[in-house]
Amino acid sequence: MKLTFKEKTAYGLGAVGKDMVYMLSASYVLYYFQDILGVSAIAMGIILLIARVFDAFNDPIMGIIVAKTKTRWGKFRPWLLIGTVTNAVILILMFAAPPSLDGKGMIAYAAVTYILWGVTYTMMDIPYWSMIPAFTESGKEREGLSALARSCAGVGSAIIQVFTVMAVAALGAFFAGRAEGNVTNTYTSEMVDMTVYVVELDSDGNPTSNVFEFAGDMQKASIEVTGKEKVFADRIYFTESNTKYDLSISGNTPETSKVEFIMDSKDAGKAALALYVDSDSYDKVAASSNPIDVSLKMTSNVEVERLGFKYFTIIVAALFILFTIITCVFIKEKSSVDMETASVGQMFKALLQNDQAMTIVITIVLINTALYITTNLLIYFFKYDLAGSNWQGNYTLFNTFAGGMQILAMMLMFPLLRKFFSTLKMFYICVFSAIGGYAILLVMALAGTKSVLPFFVPGFFIMSAVGVLNVIVTVFLANTVDYGELKNKRRDESVIFSMQTFVVKLASGVAALVAALCLSIFKIQKDSSVETTYDIVVNKMADLKANVVATIDTSAVMGLRMVMTLAPIVVLFIALFVFKARYILTDEKLSEITKELKASKEAKS
């Protein structure tokens, strides 16, 4: 009996929920703990990789547990529901880290919650994908459901990519205004020796060499900063990227602005205030012979983002549980294969003997590593490289386009290409498309492109290719179940699909470590645009006057861009080599396997 529309919808909703959760963790856990809570990038990279090594042992064992499970509800749905609920709870805890923890305490908290998140995600993910061979027939039905599930997973990922930054800002602003424990400190020209700089921005929001300097009697400034006491510890450094602010210059509010306020410490006697404003506002300052009068009110974004992630995660976790319940209610195993329970050793042996399954999981980890290197660094690229006062908007705009392309590729491009090409040929087309997209991105990196719109071109080639590849590799993996049954006389779908879960998480761990090393080596961190002293702002202003303009160090800019482009290209070429050398399951071969399995079952009956 063919799958009903209700069953397909229910299964698809499960994919939406679980990939919302996965993308939130894969794309933002490094940013959350490093940029918001201050954990070092290297520490986070090591934590994420250790968690993946742990999964190397945990995931296959979970696959074995699922394979041995026998209940009145089947062997998949109980673990799907248990894993979802526990994973949702751990996810909330992970993105609700107590801000009072010190450095070592925060590292320990990040390590424990992230490893537990991986364990509980495995409990849910393995049975979800293992269900495909159990309630579909091989061939078009299985391929169609795999495509649907991957498309819905892409929708879940896209939802997170598109809405996270803006939703976190909105929810954080709402709850931060109601949070207790905020303090307000005021710094004025009378209190500290302050120098004020006014810098003209060009039409793209980048600083120019036009800089006015106001010191002594030529300026009157009042800076009011609100936030937790923690943000005032040691050096004071606030910008438009870590605060919400209201700025008035001599009674006028600039149409476009960025700010930079720095003191060596909260009790220091010297401060620097840099105001980056649009041309009209700059001209008004330049035309006035009166002392400049600045009023600046700032609210720390650290608390806004921390609370924003917490409450956004609660919403995502609730949707995750709801969608999984719908899946469990409407999806039932339509067929099962009787097989005697295998030992752990036999299971591992069966897996290792399925050379096609191993080929596909290696290919999956390489393709996902390439993608996750980019997604991990993307938020830093927009925040510190392209920068601008509207970096959140540009980041959301790009992710909206990229996520949309990925969804359209899975829902429309895959079935369209399938009419003309085999899945094998489609695989090669998509890998070369992704490589071509990264090559375009590399050229743009070397050219120093600053506008967001040109990045849509490589985004199209990369994300559409990834969207189709996500469907294809899932189909390939499902096909290896039949291959393994014929070769090893066992149907080990749970163990094989547990490897998919592991390698996707392994890819995120490796990519996170690469991203962490990039952030650390090139010093791309939340305070990377300045050093540790007040003097650096003075030096920056001197560089601007000399027409030496950079949002972060030039080496950091180039390092970030090169890692985002060259590393994925290298990884994709390795994936291409591995796949071409070892994969043999063509459409003709699969047809032969299906006939042999059918004949074998008929002979036994």
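**A predicted model in questions and answers**

Thr-374 is buried, with a relative accessible area of 12%, where buried means under 20%, exposed over 50% and partly exposed in between, with a 1.4 Å probe and protein chains only. This is a predicted model, in which local features need pLDDT of at least 70 and side-chain atom pairs count only at pLDDT 80 or more, while totals for chains, interfaces and linings use all residues. Residues are numbered from 1 along each chain as its sequence is written, and side-chain values use heavy atoms, with hydrogens and water left out.

Biologist: Which residues is Thr-374 in contact with, leaving aside its neighbours within four places in sequence?

Modeller: Thr-374 has its place in helix α9 (residues 355-386), helices being DSSP runs of H or I with at least four residues and strands runs of E with at least two, numbered from the N terminus. Contact means heavy atoms within 4.5 Å. Once neighbours within four places in sequence are set aside, the residues in contact with Thr-374 are Tyr-438, Met-564 and Pro-568.

Biologist: Which strands are the edge strands of the open sheet of five strands?

Modeller: The order of this open sheet is β3-β2-β8-β7-β5, with mixed pairing, and two strands pair if DSSP finds at least two bridges between them. An edge strand here pairs on one side only, and the edge strands are β3 (207-214) and β5 (236-239).

Biologist: Which residue in β7 is the bridge partner of Thr-239?

Modeller: Strand β7 (residues 257-263) and β5 pair in the antiparallel sense over four bridges. Ile-236 stands opposite Met-263 in β7, and the bridge partner of Thr-239 in that strand is Glu-260.

Biologist: Are the residues on the two faces of β5 buried or exposed?

Modeller: In a regular strand the side chains alternate between the two faces of the sheet. In β5, Ile-236 and Phe-238 are on one side, whereas Tyr-237 and Thr-239 are on the other. Both faces are covered, and these four residues are all buried.

Biologist: Why are α12 and α16 described as oblique to each other?

Modeller: The axes of helix α12 (residues 456-488) and helix α16 (residues 587-604) come within 10 Å, axes being lines fitted to C-alpha atoms, for helices over the stretch in contact, with angles from 0 to 180 degrees between N-to-C directions. Angles under 35 degrees count as roughly parallel, over 145 as roughly antiparallel, 65 to 115 as roughly perpendicular and the rest as oblique. Because the two axes cross at roughly 50°, α12 and α16 are therefore oblique.
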